[in-house]
Structures are given as C-alpha cells and as structure tokens.
Amino acid sequence: MSAPVPFSAADPTTRRALQLDALAAILPMDRRDRLAQVLTDDDVATLKHLAREGMGENSLRALASDLAYLEAWSQATTLAPLTWPTSEALTLKFVAHHLWDPAKRESDPAHGMPAEVTAALVAAGLLRVAGPHAPATVRRRLASWSTLHRWRGIAGPFASPALRAAVRLAVRAAARPRRRKSKRAVTRRILDRLLATCGGETLADCRDRALLLVAFGSGGRRRSEIAALRVEQLSAEAPVALHPADPASPRLPCMAISLGRTKTAGADDGARVLLVGPPVDALRAWLERADIAKGPIFRAIDQWEGMDERALTPQAVNAIVKRRCAMAGLDPADYSAHGLRAGYLTEAARRGVPLPEAMQQSQHRSLQQAASYYNDSERRQGKAARLAL
C-alpha cells in the first residue's frame, strides 16, 4: 500500500479550494471552485489574513472578486500571475484594455482589449460586457489592486501621475451614460403590488413580506444590509402615535435596528434606524413563524419549507425582489433590490418629507446623491417640463 500523499503535495487547485472553505461564510460557495482555479496560494493567504483582521464581509467579497478578475486578466494578457509589486506599465495596460473609444475600435481592431484576452475572460465566466467597462468598475478594481498592495506592505504605482492621467483621458474617450442600479424605483404603489403576492400561507410568503417591508420601511436598506441583518441588531421601542399632534391618536409598534458596519458607516458609528407600524408587525410575524430567536433573520427556504440556518446572500435578496415583480406582472428586468432604496427616497420626496429627515432614515452620506431623487420628483411635478403642452 502506497503512503498517503502529504497535504502539501496535493493538487494546488484542490488545496486552495479547501483553504477557501474557511471563508465559506463570506465568499459564495458556488464560486469557490472558480476562485480556487484563478487565485494563487498567496492570494488565498491574503484573503484569510484580511478576514482575520476584521475587514467587512462585503468589502472582502468585493476584494476577492476583483482579485480573481485581475489574476485572470494578468494570465490572459502576460501568461503569468500578477506580480507584487506590479509595474506601472501593467496598470496602464489594464486601463487601455478596459476603457477605450468604441468609435476608434471600428477603424482600428487592435484598439482596446485584444480578442484573445477577451475570449479567455469570457470563457472563464468573468467578462460579460462587449464594450468598454464602466469607469466606476475600472476605478474600483484599481482601488482594490492598490489596497492589496498596502495590505502586503508594498508600494504600488497607483498614485503615479501617468496612471491618473490615463484614467482621466480614457474615461473621457469611453464616455457612456450612467445607469441606475435599478431601472425603476420601487415606490409605495409598486411595493403594494409586490406585497399582494405575499398574501399566501407559505413560509416564503411570510418571509418575503417581512423582507420587503423592512427593506423599504427602514429607509431603503441595501440588499447586503438586509441579507446580513441579525436578531441581535433589533431592539423594541415604545409605541409611537400615528398622528403625533393628536394626543388621542392610535399607537403603532416601533422597533430600532442598529446597523453596525455598512457601506458608508463603520461598526462603531452607532447608526440606527426605526421601523414603525406594518414593517414591525410583519417582522415579528416572520420571527415567530420561523421560530428565530437569534442569528440571521432572513434565511433560505427550500421547496419543502425547510429553512437554512445561514443568512440569505445579497444576490438572493435581489432574486426575491425580481421574483415578486414577475408574480405581480411587472418586468423583473426593470427592478432590482436597489429599487427599494431609490423608491424610499422617491416616495419621501412625493410626500413632502424634508430631505435631511429622509437621509437620517436612509443613511445616505452624499447630499448630492440623495437630492437627485428629490430633484427628479420636483421636476416631474413642476411646470418647466410642461411648456409644450
């Protein structure tokens, strides 16, 4: 009988896959094998180090995705893994491959990403766009590349004037209209149509009703925040009056959500938002029905109504919104989970809620971004766009 093969001599891809199991709670397991094929041993070690250092799950998930793309692009372009530190020439090549002028491409096929690089990334399931990338995506991947250099304790070329100028000029050449994350906002009218599909007696109906109402009523929470929501973040508050100015007004149930770490807030910022009325009732009904007393609030449910102990992924939250849209007779392509966030501010503007008050609930940090929903609402109701009537 031959001696067992020592773990260190195992197939590198298998070894990396096993090491990635330690990050199963953060990285989507359906992508584990693909990540194991693309990432190097050093990459996996870096991700595990960042997880131990307490990097936020969403940040780590995005960093792993960007790192996998960069490694695959490097292999397709240079036939070698990324080098640490990387060269300025390679970062400039990355910009040239991803931000280019479609008009020039028509007369010069060599302009932009080479066909063989494109084919390799498409085959790996990492490239889905036919034209130049969105500038925000390129900037994010460059930022992730820079972050990984800093965590490795090495300097990179990411602050070089040449790279900054290349990005600025390339963005101008590859100008494209900015797309909303959700084509249409889930306003209160749309929300009511989605809730109408949750009137059944199934466990999924109960969960989805609570999920939609909590996401909207808490200020349009991001899908990542809804997926990560835990019972320990909830606290009961004293009931509030339906009409605050009327002493005899009926009372509504109230609950607070401590947000913890979010996209725009650190874990120690103490950010909290309130739920009032129907979202509280729906959430309590779900927790009682599912017998959830601790841990993740929103969990996967199989076709036999078996419930997983793990939290939904952000992608699953998005899929629930789209499925409910289809059930309501709406085009799922027009809506995403971010539509709940856009819809909250749009509805707040329509109802005359002051912008600062709405931003306290939505936790928007950018006044410009939040105000855009108010501006759109005012323009729709105003006279300026109606002069041709």
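Analyst: Helices (DSSP H or I, at least four residues) and strands (E, at least two) are DSSP runs, numbered from the N terminus. The model is predicted, so local features need pLDDT of at least 70 and side-chain atom pairs count only at pLDDT 80 or more, while totals for chains, interfaces and linings use all residues. Residues are numbered from 1 along each chain as its sequence is written, and side-chain values use heavy atoms, with hydrogens and water left out.

User: Where is the place of Leu79?
Analyst: Most residues other than glycine have a negative phi, and most peptide bonds are trans. Leu79 is not a glycine, yet has a positive phi of about 65 degrees. Its place is in the loop between α4 and α5.

User: Which class of orientation do α4 and α5 have?
Analyst: Axes are lines fitted to C-alpha atoms, for helices over the stretch in contact, and angles run from 0 to 180 degrees between N-to-C directions. Angles under 35 degrees count as roughly parallel, over 145 as roughly antiparallel, 65 to 115 as roughly perpendicular and the rest as oblique. The axes of α4 and α5 are 12 Å apart, at an angle of about 95 degrees. This makes α4, relative to α5, roughly perpendicular.

User: How many nonpolar residues are in the contact of α4 with α5?
Analyst: Contact means heavy atoms within 4.5 Å. Ala, Val, Leu, Ile, Met, Phe, Trp, Tyr, Cys and Pro count as nonpolar, Asp, Glu, Lys and Arg as charged, and the others, Gly among them, as polar. Tyr69, Leu70, Trp73, Thr77 and Thr78 in α4 meet Leu90, Lys93, Phe94, His97 and His98 in α5. By class, this contact has 1 charged and 4 polar residues, and the nonpolar count is 5.

User: How many residues apart are Trp73 and Phe94?
Analyst: Rings of Phe, Tyr and Trp (its six-membered ring) pair if their centres lie within 6.5 Å; planes under 30 degrees apart count as stacked, over 60 as edge-to-face and the rest as tilted. By this rule there are 5 aromatic pairs. In the pair of Trp73 and Phe94 the ring centres are 5.1 Å apart and the planes are at 90 degrees, so the pair is edge-to-face. The pair links distant parts of the chain, Trp73 in α4 (residues 57-78) and Phe94 in α5 (residues 88-98), and the separation is 21 residues.

User: Which residue in β3 is the bridge partner of Met255?
Analyst: β1 (residues 234-241) and β2 (residues 251-258) pair in the antiparallel sense over 6 bridges, and Ala236 stands opposite Met255 in β2. β2 is joined to β3 (residues 272-276) by 5 bridges, also antiparallel. Ile257 stands opposite Val273 in β3. For Met255, the bridge partner in β3 is Leu275.

User: Which residue in the turn of the β4 and β5 hairpin has a positive phi?
Analyst: β4 (residues 299-301) and β5 (residues 307-311) pair in the antiparallel sense over 2 bridges. Arg299 stands opposite Ala311 in β5. The hairpin has 5 residues between its strands, and the turn residue with a positive phi of about 65 degrees is Glu305.

User: Is α15 roughly parallel or antiparallel to α16?
Analyst: α15 (residues 338-350) and α16 (residues 355-362) have axes 10 Å apart and pack at an angle of about 155 degrees. That angle makes the pair roughly antiparallel.

User: Is the crossing of α11 and α15 left-handed or right-handed?
Analyst: The axes of α11 (residues 203-217) and α15 come within 8 Å and cross at roughly 50 degrees. That makes α11 oblique to α15. A crossing is left-handed if the near helix is turned anticlockwise from the far one by less than a right angle, and right-handed if clockwise. The crossing in which α11 passes α15 is right-handed.

How values were computed: Pairing = 2+ DSSP bridges.
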